[in-house]
Amino acid sequence: MGKAARRRHANDGENDSGKALRNGSSYHSRGDRHSGTTESPAGLSPLKLCLLVVTVATGGLVAAYFLNEDAQSVIHSTLLHYGIPDFLQFTGSNPAEDAGQREQTQRQPKKTSYTKSSITNSADKKIRSELDDADSYREKGQIEKAMEKYNAILKRYPKSPRALYGKAENLDKLAEKKQSNTYLEEAIQTFLTVLDLENVPDDLVIQTGRRAAERMNFRGWSAKAVKTLRGLTQRFPQNVALKNELGVAYLMVGKTEEARPVFKAALEIDPKNGFALVHLGFIYKTADNDPAKAIPLLREGINTKAEGTVDGRFYFHLGDSLQRVGQKEEAYEVYKAGADLGLFLSMYQRSLYNVDHLTGRPWWTPEQTTYKKYLKLLEDNWKVIRDEGLAQMDLKSGAFLPEEENLREKGDWKQFTLYQRGQKNKKNCQKVPKTCALIDQIPAAKGCKRGQVKYSVMQPGVHVWPHCGPTNCRIRAHLGLVVPDGPRISVAGQEGKWVEGKFIIFDDSFEHEVWHDGNSFRLVLIVDFWHPELSDHEKANLSPI
Ligand code: LMR
Ligand code: MN
């Protein structure tokens, strides 16, 4: 997929009020690419991940070529990342090439091999030089000339599988050149026509089906892509790569329970298939919350180094699974390996949606943030902010919702979200109008599309697992509102404590862990600010998290 794809996600569940991405839980994957950025994948919760995907992909609202370039590249990488490969890039899966290789190794007795023989039926063989000629114009990017050639062949041989296939590819090129969904749709339709023909060599059926599915995803027709892949897997039940692609297609539309048996079936055929292993492990970890079951699959899958397995999301979830079953040292070995591979910014900074030129440090001073005057504005008004928050807690009106990103080992931790993804929650803000009026004066907080503003209340007994937020694009500030003895936070191994009326400021893309060993609740206002080194252009173009 050259350039398109939906959004991916990462893991800190605490992203937005349950509507956003978390690092690593979802199936999506890398984030957008911005100048020199490493937006990496992490994981959103599968559901959320899928939401993203669906958003981009479906909607029927979003036409692939009508997305802005940035969004397209995100979509593109997402899909690609998820293993819906461009057939041309998919190692070992280009039937034509495979055939060529096979023939070469057998070429003892001198015999000319035709590299496209496995996609060429007997009728096409008779016109192969014409077909090759058209293909070569297409491959050289001479789209108009290639189209003339394909059309000329099709006039005489309307059912030539290779001519139709070539024409479909050519239409796709034309679509890209003209940024036209009409041509894209025609390309998809033409691929489907190939699948309906009789006498199409198996390799060409597979190649065509994959391309059709991939282009459908690009177009936002994920459900159709699933259908196409499902048809292919039924026709070629022993083909593991197709099963993997179908599994990914299900994950991309949020159908984890449909994906699960597909990866299992792939593993029945090929028990060491790395791609299927990491994906099934991912499902055990994120959907079943069963780290012990996920570990061996993620580990074995990653160790294969197979295409699609060397991925931050899988390192992320393997490390997190190990941490949760108490194997800390092993967890850090995995994180270190991930950092060495460039999947993480560092072993402690494991966000997956990153811009790569940003200073990263666990704890920040007000001066370093450049937002000192705004921090002071909120500190000066801390009692107003506290009282509005307390009133909502008293109401038991359901304003505060339990943390739902599976970050807690135990305890009662609730949040009340006022802003997320750069958008004000008007309904919630009506409940705490003075606080929101203050935030409205702070562009870097109210407009922080990769963060939230929220109250957070923790009861005694809470332990929050070590975790990383999804992105390095924000700086997280906590304003102490009600702070008893007992709660503490560690960011990348350095401890901090809340103080009433004061901010503590950290970068939550670094691993952090929270305990509350006291006797009464702790209340803070969490305010995310854009990282001060992001340019206006970056802030305008980054995808929301
Ligand atoms: C976190 O950001 O994970 C926690 O620090 C949130 C909180 O309420 O302390
Ligand atoms: Mn956190």
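Mentor: The largest nonpolar core has 73 residues, and Tyr 27, Phe 263, Phe 314 and Leu 318 touch the most other members. A nonpolar core here is a set of buried Ala, Val, Leu, Ile, Met, Phe, Trp, Tyr and Cys residues joined through side-chain atoms within 4.5 Å. Buried means under 20% relative accessible area, with a 1.4 Å probe and protein chains only. This is a predicted model: local features need pLDDT of at least 70, side-chain atom pairs count only at pLDDT 80 or more, and totals for chains, interfaces and linings use all residues. Side-chain values use heavy atoms, without hydrogens and water, and residues are numbered from 1 along each chain as its sequence is written.

Take Phe 314. Leaving aside neighbours within four places in sequence, Phe 314 contacts (heavy atoms within 4.5 Å) Tyr 27, Val 278, His 279, Phe 282, Leu 298, Ile 302, Gly 308 and Thr 309.

Now the helices. Helices are DSSP runs (H or I, at least four residues), numbered from the N terminus. The contact includes Val 278 and Phe 282 of helix 13, and Leu 298 and Ile 302 of helix 14.

Across the whole chain of 545 residues, 59% count as buried. The chain has 23 helices and twelve strands, strands being DSSP E runs of at least two residues.

Terms used:
Chains lettered and ligands numbered in written order. Buried < 20%, exposed > 50% of the residue type's maximum accessible area, 1.4 Å probe, protein only.
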